[in-house]
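Colleague: I would like to learn how to read a few features of this model. Please take me through them one at a time.

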Amino acid sequence: MLLQDLVRVSDEVAATASRRAKIDLLAELLARCPPEDVEVGVRYLTGEPRQHRLGLGPSAVRSVTARAAAHPTLTITDVDGALQRIEDTPAGSGSRTARLAVWAELLGRARPEEQAWLVKLVLRELRQGALAGVLLPAVARAAAVPERAVRRAAMLNGDLANTAALALTGGQDALAAVGLVVGVPVEPMLATTATGLTDALAASAPALVETKLDGARLQVHRDGADVQLFTRTGQDVTDRLPEVVAVARSLPTNRVVLDGEVVAFDTDGRPRPFQETMQRIGRDRDVTRVQREVPVELRAFDVLHLDGVDLLDEPLATRRAALHDLVPAPLRADGVVTDDPEVAREFTRQVLTAGHEGVIVKDLDDAYAAGRRGASWRKVKPVHTLDLVVLAAEWGSGRRRGWLSNLHLGARAEASDTEVADADGFVLLGKTFKGLTDQVLAWQTEVLLARETRREGHIVHVRPELVVEIALDGVVRSSRYPGGVSLRFARVRGYRPDKRPHEADTLATVRAIHAGARLPELG
């Protein structure tokens, strides 16, 4: 296929905002693309050449000029071959000159619009809107196969371009033959949000009611002694979590893919703040020292492959039985199978008391819907509410410029808390700018400025006179705030003009939530 044909469609896709139009353009192009050009063509449409390291930086790429060709003769195969020669150029003296010579020759064979497009391609600066959301249905239409078959194969092999080639050359049979590859991360199944525990359980009973862990999603791949750990986004973090690698190698199996979470726990067994787990995941240096400071533990809740057998399409009941046979109880997420709402509530109370954020109710009959937020997994995160006092606010930025936005929230101190309280008897717990409408922002700016006591940079401190109702997912331990705790995912529900500051919730109440002694309504 001529490069000009792909460039024209690429430009047209970039120029339209209509998803349907994008799909139409891409499907028509793919349907007439020669089989040998499909894989590379799809990579180009996603803005990623097949070659990973060309050894040419932006300044070098842009420094080359060449007289444009008079007629379009350059093919997709020509471009791929030239880029491969650039990548294959041995390192050493004269290598940069050799690479630039190939690049100049390629540009000399291109039309002006092709030259501009090629520069963006090799610099990975193409913004043409041909991402997976439109390419998947386009491939399905061009190959006359169900979109779900394309989506499933792409999810399993982790390569949309290869999947497109399979679909257009082998059809649905070729797609169906694609299996899970140990070592290639699978997009995780996600949960929808339920309105309450009763509704979540009613959707499928009996169901598995399982602890919703406040950690980092992790996929564990083991093939013999080789172990790879992938985050939810597919990032390889194997070297950062040696304790999880050791656990994976200890399991009585040769090949397995587990889905689960890693969580950092305190010495009393309560989960540490989510941020600490994520900081541990994000550190790729001083791993031994960080491991001592923030040790993490695996909690597996699903098995997707076991010793040569893919389990993705098996019902959860089957996968859970395999998980229980393989993974010791201390390494699994706790759960209970029930159709009794009261049993589910009691288990949820235990989960919340232990410091976790809620439960996930799972349909025992459903397969693993990788990469989808399916209705068969329903998360229930009971919401706490607190009446807190506004102690200060920060000037907003962006579209909130000119408004006081980020609220500093405090709880009322009692006699035992005077050492951590401010002069007015309140203890700072955290901040939030969420849940505020433009109308509320305008109003609160006016009333807070009327209560201003002093300024500290972009922070306006105010008299503690306004009470606001805050919804939060929980309370976490924190060394940043004087009371030793802070709010998790706090958002404004509304101001409470009917309440005075002395009626606000106390620090003791906030600590009771953290300790699991005060539970929300489960619904």
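Colleague: Is E243 buried or exposed?

Modeller: Buried means under 20% relative accessible area, exposed over 50%, and partly exposed in between, with a 1.4 Å probe and protein chains only. E243 has a relative accessible area of 15%, so E243 is buried. Two cautions. This is a predicted model, where local features need pLDDT of at least 70, side-chain atom pairs count only at pLDDT 80 or more, and totals for chains, interfaces and linings use all residues. Residues are numbered from 1 along each chain as its sequence is written, and side-chain values use heavy atoms, with hydrogens and water left out.

Colleague: With which residue does the side chain of E243 meet in a salt bridge?

Modeller: A salt bridge is a side-chain nitrogen of Lys or Arg within 4 Å of a carboxyl oxygen of Asp or Glu. E243 meets R280 at 2.8 Å, N to O. E243 lies in helix α12 (residues 242–250) and R280 in helix α13 (residues 274–282), so the pair ties together parts that are 37 residues apart in sequence. R280 is buried too, at 1% relative accessibility. Helices here are DSSP runs of H or I, at least four residues, and strands are runs of E, at least two, numbered from the N terminus.

Colleague: How many salt bridges does a search of the whole structure find?

Modeller: The search finds 44. One of them joins the side chains of E28 and R32, at 2.7 Å, N to O. E28 is partly exposed at 40% relative accessible area, and R32 is partly exposed at 34%. Another is formed by E465 and R451, with the closest N and O atoms 2.9 Å apart. That pair links distant parts of the chain, 14 residues apart: E465 is in the loop between β15 (459–462) and β16, and R451 is in the loop between α17 (438–449) and β14 (452–456). E465 is partly exposed, with a relative accessible area of 29%.

Colleague: Which residues are linked in a network of salt bridges?

Modeller: K212, D214, E357 and R488 are linked in one.

Colleague: Now helix packing. What describes two packed helices?

Modeller: The angle between their axes, and the distance between the axes. Axes are lines fitted to C-alpha atoms, for helices over the stretch in contact, and angles run from 0 to 180 degrees between N-to-C directions. Take helix α8 (residues 132–143) and helix α9 (residues 147–157): the angle is about 125°, and the axes are 8 Å apart. That makes α8 oblique to α9. Angles under 35 degrees count as roughly parallel, over 145 as roughly antiparallel, 65 to 115 as roughly perpendicular and the rest as oblique.

Colleague: Which residues make the contact of α8 with α9?

Modeller: Contact means heavy atoms within 4.5 Å. L136, P137, V139 and A140 of α8 meet E147, V150, R151 and A154 of α9. By class, that gives 6 nonpolar, no polar and 2 charged residues. Ala, Val, Leu, Ile, Met, Phe, Trp, Tyr, Cys and Pro count as nonpolar, Asp, Glu, Lys and Arg as charged, and the others, Gly among them, as polar.

Colleague: At what angle do α8 and helix α10 pack?

Modeller: About 15°, with their axes 9 Å apart; α10 covers residues 160–176. α8 and α10 are therefore roughly parallel to each other. A132, L135, L136, V139, A142 and A143 in α8 meet L160, A164, A167 and L168 in α10. The contact has 10 nonpolar residues, no polar and no charged.

Colleague: Next, a strand residue. Where does L472 lie?

Modeller: In strand β16, residues 467–472. L472 is buried, at 0% relative accessible area. Leaving out residues up to four places away in sequence, L472 touches V383, H384, T385, L386, L487, R488, F489, A490 and R491.

Colleague: What is phi of F489 near?

Modeller: Near 50°, a positive value in a residue other than glycine. F489 sits in the loop between β18 (485–488) and β19 (491–495). F489 is partly exposed at 38% relative accessibility. D286 also has phi near 50°. D286 is in the loop between α13 and α14 (287–293), and D286 counts as partly exposed at 48%.

Colleague: Finally, how many helices and strands does the protein chain have?

Modeller: The chain has 18 helices and 19 strands. Of its 523 residues, 51% count as buried.
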